[in-house]
Amino acid sequence: MSKIELDMAKSSRLGVYEAHQALWKLFSDSPDRERDFLYRRLDTASFLTVSRRRPDRRGFVHTMQSKEYAPVLSAGDRLMFSLRFNPVVKRRNENGRQVRVDMVQDERQRLMREGAQLPPRPEIAEGVAETWLDKRRRDLGLSPEPASLMVESYDQVRFRRHGGKRPVVLSCIDVRGFAAVDDTALLERALFNGVGCAKGFGFGLLLIRRA
């Protein structure tokens with residue numbers, strides 16, 4: 001696990017795509033290297049990463065601290081967890097093409113069609129987070145406590161890949177809460193491989209500590 005602060009004097013424009021590229025440079029030791037790290041943006045220039053290898057300190061890094069990450073887990077442990085995930089579900093559009101749909105926006109549209117009063121987006125996001133986590137309980141090796149779940153933020157990030165004609169839009173939910181460990185092997189896989197979509201853009205890093 002590493003905490004990395006980039007040098008903003010050398011990385012003055014650090015949007016979502018630029019941050020993605022900068023983190024890749026720290027871990028890419030060959031042109032055909034596949035991604036073997038996860039990251040989460042903490043603030044403008046700071047990132048937390050979990051990786052199979054130590055990152056390579058480059059000239060655009062201001063500070064870097066790394067330590068071995070080997071959590072000791074047992075079934076039944078009660079943990080606090082934090083997760084930034086991309087709340088999407090796969091659907092077929094009218095052309096039969098598979099697309100990813102923002103679950104918060106999808107729920108808002110459903111309520112509007114039914115003529116129901118629209119709750120605030122953060123309230124909808126809490127329900128979406130509970131549903132999303134519940135569907136992944138077996139993959140996570142965790143049983144979240146529904147009453148403890150708190151959505152800290154719901155947002156959409158937009159960026160354009162170099163040469164891309166259309167902007168990329170990624171929805172983002174930050175959720176935290178308590179959970180019990182069901183399966184240590186599955187949980188360890190989730191901790192090192194990530195959860196959900198868009199892991200290459202700072203989503204899916206599951207963080208835990210003892211409650």
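Let's start with a cut-off: a residue is buried under 20% relative accessible area, exposed over 50%, and partly exposed in between, using a 1.4 Å probe and protein chains only. The model here is predicted, so local features need pLDDT of at least 70 and side-chain atom pairs count only at pLDDT 80 or more, while totals for chains, interfaces and linings use all residues. Residues are numbered from 1 along each chain as its sequence is written, and side-chain values use heavy atoms, with hydrogens and water left out.

**Exercise 1.** Find out whether Ala-198 is buried or exposed, and what its phi looks like.

*Solution.* 
- Step 1: Ala-198 sits in the loop between helix H5 (184-193) and strand S11 (206-210). Helices (H or I, at least four residues) and strands (E, at least two) are DSSP runs, numbered from the N terminus.
- Step 2: apply the cut-off. The relative accessible area of Ala-198 is 18%, so Ala-198 is buried.
- Step 3: check the backbone. Most residues other than glycine have a negative phi. Ala-198 isn't a glycine, yet its phi is positive, about 60°.

**Exercise 2.** Work out which residues touch the most other members of the largest nonpolar core, and which element gives the most to this core.

*Solution.* 
- Step 1: know the term. A nonpolar core is a set of buried Ala, Val, Leu, Ile, Met, Phe, Trp, Tyr and Cys residues joined through side-chain atoms within 4.5 Å.
- Step 2: pick the residues. The largest core has 36 residues, and Ile-173, Val-175 and Leu-206 touch the most other members.
- Step 3: look at the elements. Among those giving two or more residues to this core are strand S3 (46-51), helix H3 (121-135) and strand S10 (168-181). H3 gives the most, with six residues.
- Step 4: zoom in on Leu-206. Contact means heavy atoms within 4.5 Å. Leaving aside neighbours within four places in sequence, the contacts of Leu-206 include Tyr-69, Phe-81 and Leu-187.

**Exercise 3.** Describe where Glu-126 is found, how accessible Glu-126 is, and what Glu-126 touches.

*Solution.* 
- Step 1: locate Glu-126. Glu-126 belongs to helix H3.
- Step 2: classify Glu-126. With 37% relative accessibility, Glu-126 is partly exposed.
- Step 3: list the partners. Not counting residues up to four places away in sequence, Glu-126 touches Leu-149 and Val-151.
- Step 4: compare with Trp-24. Glu-126 and Trp-24 are 102 residues apart in sequence and 32 Å apart in space, C-alpha to C-alpha.
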